[in-house]
Amino acid sequence: MRIDATAAIDHPGRRYPFALEQSVAEFASLREARFADSICVQGEYWAEQGSVLIQGNIAARLDVRCSRCLDPMQYPIEIDFTGMYAREEDVEECVYGLEGKEMGLDKLILDEVSLAMPAQFLCMEDCKGLCPVCGVNKNHVSCDCDTSSNGLNPFEKLKDLF
Ligand SMILES: [Zn+2]
Ligand SMILES: [Zn+2]
């Protein structure tokens, strides 16, 4: 996803609205998540002292798995963001590089989405997860396994490793 900022650079201070939508085939997966469908990015950008500032909103849905029961699920993401694109010689940390007079948005989008991803995904707030004994998904099936602490601690086996 790219924006040609030539007009903005030629007219510092003037604000340029934009709205882009891109299907996700060109994006690599991030962590164990993938974009479910197209990513929508909209907002405005303007030039200031040789840099281009951009602010707006990213909306996307991620295909992920529930961290507890491992069922596939979708996670909607909606992020407000601001970013700065500077000429290559002025690029520092947290600043993206202009390519000529173009802004490449892919890295910014991936950075913002990675930051917005929670440490774990839950298909529902009270997801019952997998039975530690027989492995069934306890949201769908109930089982009669004895999950009291007697030797059934899933970490018990790990102790032998140390
Ligand atoms: Zn779940
Ligand atoms: Zn069970």
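Two residues are in contact when their C-beta atoms, placed from the backbone, lie within 7 Å. On that basis, residues 24 or more positions apart supply 55% of the protein chain's contacts with a separation of 6 or more. The model shown in these views is predicted.

**View 1. Overall fold of the protein chain.** The protein chain holds three helices and eight strands. Their order from the N terminus is β-α-β-β-β-β-β-β-β-α-α. Of its 162 residues, 15% count as buried.

**View 2. The largest nonpolar core.** This core has 20 residues. Ala5, Ile39, Val52, Ile58, Ala60, Met103 and Ile109 have the most contacts inside it. At least two core residues come from each of β4 (39-48), β5 (51-65) and α2 (106-116). β5 gives the largest share, with six residues.

**View 3. Surroundings of methionine 103.** Methionine 103 is among the core residues with the most contacts inside the core. Neighbours within four places in sequence are left out here. Beyond them, methionine 103 is in contact with Arg2, Ile3, Ala5, Val52, Ile54, Tyr85 and Leu98.

View 4. Leu108, Ile109 and Val113 of α2 are buried. Viewed down the helix axis, the buried residues of α2 fall within an arc of 125°, so they line one face of the helix. Lys107, Ser114 and Leu115 are exposed on the other side of α2. The cover over the buried residues includes β4, β5, β6 (72-86) and β7 (96-97).

**View 5. Valine 41 in strand β4.** Valine 41 sits in strand β4. Valine 41 is buried because 23 other C-beta atoms lie within 10 Å, and 20 or more are needed to count as buried. Leaving aside neighbours within four places in sequence, its contacts are Met1, Leu20, Gly56, Ile58, Leu105 and Ile109. One of these, Ile109, is a buried residue of α2. Glutamine 22 is 19 residues from valine 41 in sequence, with 8.5 Å between the two C-alpha atoms.

**View 6. Cysteine 40, next in view on β4.** Cysteine 40 also belongs to strand β4. Is cysteine 40 buried or partly exposed? Cysteine 40 is partly exposed, since its count of other C-beta atoms within 10 Å is 15. Cysteine 40 and glutamine 22 are 18 residues apart along the chain, yet their C-alpha atoms are separated by 6.6 Å. In a regular strand, side chains alternate between the two faces of the sheet.

**View 7. Strand β4 and its two partners.** β2 (residues 16-22) pairs with β4 in the antiparallel sense, over seven bridges. Glutamine 22 has isoleucine 39 of β4 as its bridge partner. β4 also pairs with β5, again antiparallel, over nine bridges. There, cysteine 40 stands opposite alanine 59 of β5.

**View 8. The β4-β5 hairpin turn.** Two residues lie between the strands of this hairpin. Glutamine 49 is in the loop between β4 and β5. Most residues other than glycine have a negative phi. Glutamine 49 is exposed, because the count of other C-beta atoms within 10 Å is 8.

**View 9. The β5-β6 hairpin.** β5 and β6 pair in the antiparallel sense over 14 bridges. Arginine 61 has proline 76 of β6 as its bridge partner. Six residues lie between the two strands of this hairpin. Leucine 70 is in the turn, with a positive phi of about 70°. Leucine 70 is exposed: its count of other C-beta atoms within 10 Å is 12, and 12 or fewer counts as exposed.

**View 10. Pairing of β6 with β7.** Which sense does the pairing of β6 and β7 take, parallel or antiparallel? The pairing is parallel and runs over two bridges. Tyrosine 85 stands opposite tyrosine 96 of β7.

Definitions and conventions
Residues are numbered from 1 along each chain as its sequence is written. Chains are lettered from A and ligands numbered from 1 in the order in which they are written. This is a predicted model: local features need pLDDT of at least 70, side-chain atom pairs count only at pLDDT 80 or more; totals for chains, interfaces and linings use all residues. Helices (H or I, at least four residues) and strands (E, at least two) are DSSP runs, numbered from the N terminus. A nonpolar core is a set of buried Ala, Val, Leu, Ile, Met, Phe, Trp, Tyr and Cys residues joined through C-beta atoms within 7 Å. The arc is that of the directions from the helix axis to the C-beta atoms. Two strands pair if DSSP finds at least two bridges between them.
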